[in-house]
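Here is a set of questions and answers on how terms are applied to a structure. Each answer sets a value against a definition.

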Amino acid sequence: MCLRPLLISLTSLTLAQADSPPPGDLKAEAIALTLVEQQRERSAHRLLTEDLAPLAEGKVPGPDGRFYWAEITSPTESVIKRSRLDGSHVDTFARGFARPRALAFNHRGDLYVLDAPAVLGQETRLYHVVEGADTGWRAVTDMTASPWMRESYGKPSFPGQTAAIVPCLSTLSPTMVTLAFHPGTALTETWEELGMLADEARGLRLFTLEPAPERAVYQVSIGETVTNRAGIEALVFSDDGALYTPLKEGDALAWDGDPPHPLRPKTAEWFRENWRRLPEGVLLDLLGYPDQRLRLAAQNEIVRRHDYTILRNTALTDSRLQARLHAIWGCAQLARERDGESLQPIASLAGHPNAAVRAQTLKALGDTRAAFAREPLLRGLFDSDARVRFEAGMALHHLGRPQDLPDIIAFVAAQADTDSYQRFAGIRAMTGAARDWPDLLVDYQDHEKPAVRQALAVALRFLYDDLASASAPEEWEGFAPLIALLADTDESVAMEAARAIHDVAFPHPALLDALAKALETAPSPRRSFAARQLNANRLIGSEEAAARVVAYAADAKTPAVLRDEALKCLETWSAPLTHDPVLRTARPVPPGRKR
């Protein structure tokens, strides 16, 4: 994208702007930050209605009628949680974050998170966060020896990367602190489709997100540096379209566009309106207004009035794309929260000519668990647009049935190996269709496509994790394909099977035994694979297992680096199993482990 340089007028929020300035620099700084905090609250939450404002602190309102926020839930990771606007129905949306610093939704309703490094020298990561995603990050005792570093979980997608994570879109400077999307009528008209990144050390930069050709993932393009001003800690758009940036040293700056966006005065007027008194026709107009904040406010007010009719009609007939999308999101919100409402009247939009309308309709159908929607979702798996296919797969996690597996497998087989998002959607669809019958997946362990076999290994891992929330399940036969996949001719498939057996909290003894014995029958030259084979023997702890490791270490064909791994395994054989030597996290001692 070609960016036109913007002339910035910089004004410090100092005593000169106060009507009755109190003496002293410290009070002046406090006034400046108070102004910024007021604008932060007003812009993000004031239009949600007064009764919901207290529930919004520290949270970001999503277009689906939910709050989203980051939360530390354990010593090892942070997660993204969400709830309804009234604070109910809290659930974990995604996991595996180190220090999430900023959450923001773009105009298409996609959630982005900037995750700061927890270890000095690592990079900040930009994620497009989707439901059920796990980035793979965990706080560990030795980060450099963990899968996060050794197997590059924290890098953008690349061939051979594990399919069990949703990787970041881009890695950025370690001092990158926050991001925001242009709301639509702020600053200047030329920035309407852009995002902004604030770097604590290097200033403010622009970025764009463009769909990758034939893929559901986005490409990040970092644009020009707007200012080199260091110390920016947050990006807050005011009602009148200015940009406020609190600084690390306690002051704040206000930024203005030149020329300013022509709709800024009108947007500021709408912020001052009493939205509960606005006629329906005005709210309908605002559903397609160029500013994202006002569109969301109009959607929420129509939902508060329970006016499904105006939302349905807008979704079906409005020519404005943004109005249609907000109407679809509003219909889904009402269908989730009110008995008797259904998305059936707008289900035909799954076949709409516009791909964005099709995609958001399928997403809404899955979100509301609309049982009648299976057929359009299955058709969506083979849509001409990658994003539509992605949303169809994600929705089938909630609505898929065993009889849908052939179509889901065909979808997985058709995806490019480079599209980590469509692959993840296929895995989610597989776990939904086989949720109560993992043994149904055995038919696909010999599929001709390595991508299907790799997805099968991850799907079985996810299903096993759901069953093994507190201990290894007694019934494991449905997961037996993982044993066959350990010997797969494709290295990525075999590696994924090893992870699926070894990396779960409670490995099943029968599966762990197969991985341990593979050290003797099919030793891997890949360090990450061999390390799991060695550790499987250590976790079992029997004399037979120890003999396998000794023989492996003594074998002249064993590479030197792996021989060292084997010797380390033997040296710590009888040591307390407080931290796993592969995962570098605490894990329970397997039942029946023999010292």
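Q: Among contacts in the protein chain between residues at least 6 apart in sequence, what percentage join residues at least 24 apart?
A: The figure is 60%. Contact here means heavy atoms within 4.5 Å. The model is predicted, so local features need pLDDT of at least 70 and side-chain atom pairs count only at pLDDT 80 or more, while totals for chains, interfaces and linings use all residues. Residues are numbered from 1 along each chain as its sequence is written, and side-chain values use heavy atoms, with hydrogens and water left out.

Q: How many helices and strands does the protein chain have?
A: There are 19 helices and 17 strands. Both are DSSP runs numbered from the N terminus: helices are H or I with at least four residues, strands are E with at least two.

Q: What share of the residues in the protein chain is buried?
A: Of the 595 residues, 57% are buried. The term buried means under 20% relative accessible area, exposed means over 50%, and partly exposed lies in between (1.4 Å probe, protein chains only).

Q: Why are H8 and H10 called roughly parallel?
A: The axes of helix H8 (residues 355-367) and helix H10 (residues 386-399) cross at roughly 10° and come within 8 Å. Axes are lines fitted to C-alpha atoms, for helices over the stretch in contact, and angles run from 0 to 180 degrees between N-to-C directions. Angles under 35 degrees count as roughly parallel, over 145 as roughly antiparallel, 65 to 115 as roughly perpendicular and the rest as oblique. H8 and H10 are therefore roughly parallel.

Q: Which residues of H8 and H10 meet?
A: Among them are Ala355, Arg358 and Leu362 in H8, and Val388, Glu391 and Leu399 in H10.

Q: What makes S6 and S10 the edges of their sheet?
A: The open sheet has four strands in the order S6-S7-S8-S10, with antiparallel pairing. Strand S6 (99-105) and strand S10 (170-172) each have a single partner strand, so one side of each lacks a neighbour in the sheet. Two strands pair if DSSP finds at least two bridges between them.

Q: How do you know that S6 and S7 pair?
A: Six bridges join S6 to strand S7 (residues 111-116) in the antiparallel sense. Leu103 stands opposite Val113 in S7, and Ala102 stands opposite Leu114. The two strands form a hairpin with five residues between them, where Gly109 in the turn has a positive phi of about 85°.

Q: Why is S6 described as largely enclosed by the rest of the structure?
A: Five of its seven residues are buried, so S6 is largely enclosed.

Q: What makes both faces of S16 covered?
A: In strand S16 (residues 243-246), Leu243 and Thr245 on one side and Tyr244 and Pro246 on the other are all buried.

Q: How do you know that the span of H17 agrees with its number of residues?
A: The expected span is 1.5 Å times one less than the number of residues. For the 14 residues of helix H17 (residues 527-540) this should be 20 Å, and the end C-alpha atoms are 20 Å apart, which agrees.

Q: Why is H17 called mostly covered?
A: In H17, 13 of its 14 residues are buried. After H17 comes Gly541, whose phi is positive, near 75°.
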